[in-house]
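Take a look at the model first.

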Amino acid sequence: MVGIPKSNRCTFCKLRKTKCDEDWPTCGACTRAGKVCSGARNNYKFVVNGCHNEEPTLKSSDSDDASISSCDGSRTKDPLSRRGSPGGTIIVDIKEYAANLGPGTFHRMRLTRPHRPRSMKCSRPTLSPTPSPVMSPSDRLASQFVSCIEAASGTGHDLLIWGPSIKVIPQRLGSESQVLRDTVELVVVSWTNSQRDVSSPETWLDLQLHMRALGSLRKALEEPEQGLVTDTIAAQWLLQKLELTYDFERGANKEHHAAGLTAVISRGGPWQGFHDLGLYATFDSFFNMLQEDVRLGRDSVFMQYEWTTAFKQAVDASMLRPVVKALYRLWIEMIVWPTLVRLVRSLCQDPSDTMAAAELLLRATPAIEYLEHENETTLASLMESGDIMEVENLLGADLFPTYYEFRDIDTAKLFYIHAMYSIIIYRIMQEANSALEHYAPSVMKKCREYSRRIWMSYPWMRTRRPLAIEFTGALAFSYESANEEEREFCVRSLDDMEYFRRPPPIGRWIDATIMANVKGYTGRVPFIKNQDVTIELCGLGCRC
């Protein structure tokens, strides 16, 4: 057969055996993997004797130069007549004939098998195959990682749920950073295990690869290289997300990763110049770093004016989508959270300290003003554009007749994180008002309003299990504003979001454990490094 149309896939997609979107000059897969796209391949291939060649390789042999008469008596010329194929088993005849009427010519082609004696053995041609380009281990790992990103888009296993950093990582796998390659390999294997119905959740995390990645991270932190700081930040962020999702049997090393991230980022100084991946990974880790500061009762190292200014300039100069920029600016404004919690703890120790209460109110007011401004501008605009829609709730209509649907996970994150921090800051302001004997009924009203937003986001976020596990934090903070029926809903929702965690990292979700965490992260009870559950049952503090 001659002239079979070729696949238009580029070389990279052909090696991966995946479909190419043919978006030339650079297809989507090559763009995401940071490769130079080869473009479309040639239009046709030739098949001779069952062998594929880029072009017909016909061996010259004895040809019949005699002219042949056409049916109408006209003479023909034979530019390529009875030329044998490389094996001599197929003869390709191409004849050019003169037309009966009018000027011009036409061609006929036929494939014939020559007559040969029975004693003659058929020998197959020996063709040297065209060598395929060899993929390096980094390229192969990048290809596997891109396949994982694309395979579960829009589902609960979509790796983009972790943050925009995921899309930039394949481009960095060609660097000299061993820790990033080891961590990505761990993510690929663990993610693949989670897709298999036959494997139990306890086996999702590959322990051998996990130990190797932790060893590489330890070495990178002990011997930092200036050019690989971005890769170290990205690796720590990935390990943090991975352990939070999959390493539930022993509990995530979130304290160690948060401390490591803070140390690596602060070591470079506020004007270090963030690479795209470093910027994304830093902000995607912000909640965990601030959580660690809250637990330790210290101010964030990024509270300084130089840091906040540098962060804002980096976000404004980036090519991020507006909704992601709004989310990152929200994190910058919430750097004040650990400081507010520290002041609440001081106030709880001495409720008569009106100076501490006044300072607390002074620091909390700009934060709540920013949150309300974002609610009236950014979030209102997203609702008007249809990126956030309120639709009919067909499952739990008795409790919530409608629920929210979102354009994508980034929009959902901005919405529920904004609601969560609004609740936190209003609860902190309530403590200051109580110490100053100011009665502010609007605070309780606002807390319930934002709690209801979180409850109405749950049906959509539930479809993003298991990777959207951080939504449990927002559910926990909404619990305090709920009535009895709504609290039962919160407990069911928390168990449902952690259906694959046996048991959850803090044990079974009950009223005492939820309220201990809520009060701990708003400064009303202390954190105690002890896993004895009676600490929370008796209201003495929050386990950490």
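## The main core

Which residues touch the most other members of the largest nonpolar core? They are Leu159, Trp337, Tyr421 and Ile425, in a core of 135 residues. A nonpolar core here is a set of buried Ala, Val, Leu, Ile, Met, Phe, Trp, Tyr and Cys residues joined through side-chain atoms within 4.5 Å; buried means under 20% relative accessible area, exposed over 50%, and partly exposed in between (1.4 Å probe, protein chains only). Helix α15 (residues 409-435) gives this core its largest share, 16 residues; helices are DSSP runs of H or I, at least four residues, and strands are E runs of at least two, numbered from the N terminus.

## About the model

This is a predicted model: local features need pLDDT of at least 70, side-chain atom pairs count only at pLDDT 80 or more, and totals for chains, interfaces and linings use all residues. Residues are numbered from 1 along each chain as its sequence is written, and side-chain values use heavy atoms, leaving out hydrogens and water.

## Charged pairs

The chain has 24 salt bridges, each a side-chain nitrogen of Lys or Arg within 4 Å of a carboxyl oxygen of Asp or Glu. In one of them, aspartate 408 pairs with arginine 321, their closest N and O atoms 2.8 Å apart. Aspartate 408 is buried at 18% relative accessibility, while arginine 321 is partly exposed at 29%.

Glutamate 372 pairs with lysine 446 at 3.5 Å between the closest N and O atoms. Glutamate 372 sits in helix α14 (residues 354-385) and lysine 446 in helix α16 (residues 441-462), so this pair ties together parts 74 residues apart in sequence.
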